[in-house]
Amino acid sequence: IEGLYANALKALRPGGRLLVHDFMVNDSLDGPALGALWGLQHVTVNADGLGLCPQEIISRMGKVGFDTSKCESLEMIHGM
């Protein structure tokens, strides 16, 4: 996944934005239920699959050079 973020960073113009959209659990890992179910079904078909939360994604982006102080997490679909 880090390679994906690194390539995105190289491809972006200065000041460009990367949008990551996924169904995931929140940073406290206690919900929402639909996000957890989405992650569970994913790892049942892909044993190497990752269950990520927003802070984990932001951390991985920071490791490849994104400015994490400009990252934000939004709930796009209520309960997901």
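Which helix supplies the largest share of the lining of the largest pocket, and how many residues does that share hold?

A: The largest share comes from helix 3, residues 54–63, which contributes four residues to the lining of the largest pocket. Since this is a predicted model, local features are reported at pLDDT of at least 70 and side-chain atom pairs at pLDDT 80 or more, while totals for chains, interfaces and linings use all residues. Residues are numbered from 1 along each chain as its sequence is written, and side-chain values use heavy atoms, with hydrogens and water left out.

The C-alpha trace spans about 35 × 25 × 20 Å along its principal axes. Of the 80 residues in the protein, buried residues make up 20%, where buried means under 20% relative accessible area, exposed over 50%, and partly exposed in between, with a 1.4 Å probe and protein chains only.

The largest pocket itself holds about 1100 Å³ of space. It is lined by 32 residues, and those closest to its centre are Leu 18, Leu 19, Val 20, Glu 72 and Ser 73. A pocket is an open set of points on a 1 Å grid over the protein atoms alone, where a 1.4 Å probe fits and protein lies on both sides within 12 Å along at least five of seven lines, and its lining residues have an atom within 4 Å of a point; the volume is the space filled by probe spheres set on the points. By class, the lining of the largest pocket divides into 20 nonpolar, five polar and seven charged residues, with Asp, Glu, Lys and Arg counted as charged, Ala, Val, Leu, Ile, Met, Phe, Trp, Tyr, Cys and Pro as nonpolar, and the others, Gly among them, as polar.

The second largest pocket has about 220 Å³ of space. Its lining consists of 14 residues, of which Phe 23, Gly 39, Leu 50, Gly 51 and Leu 52 are the closest to its centre. In this lining, nine residues are nonpolar, four are polar and one is charged.

The structure holds two salt bridges, each a side-chain nitrogen of Lys or Arg within 4 Å of a carboxyl oxygen of Asp or Glu. In one of them, Glu 2 pairs with Arg 60, with 3.2 Å between the closest N and O atoms. This pair links distant parts of the chain, given that Glu 2 belongs to helix 1 (residues 2–11) and Arg 60 to helix 3, 58 residues apart. Another salt bridge brings together the side chains of Glu 56 and Arg 60, at 2.7 Å from N to O. Because Glu 56 and Arg 60 are four residues apart in helix 3, they are separated by about one helical turn. Through these shared partners, Glu 2, Glu 56 and Arg 60 are joined into one network.

Most residues other than glycine have a negative phi, and most peptide bonds are trans. Leu 29, however, has a positive phi of about 60° although it is not a glycine. Leu 29 is placed in the loop between helix 1 and helix 2, and with a relative accessibility of 59% it counts as exposed. Gly 31 and Pro 32 are joined by a cis peptide bond, with omega about 0°, and Pro 32 is also placed in the loop between helix 1 and helix 2.

Note on methods
Helices (H or I, at least four residues) and strands (E, at least two) are DSSP runs, numbered from the N terminus.
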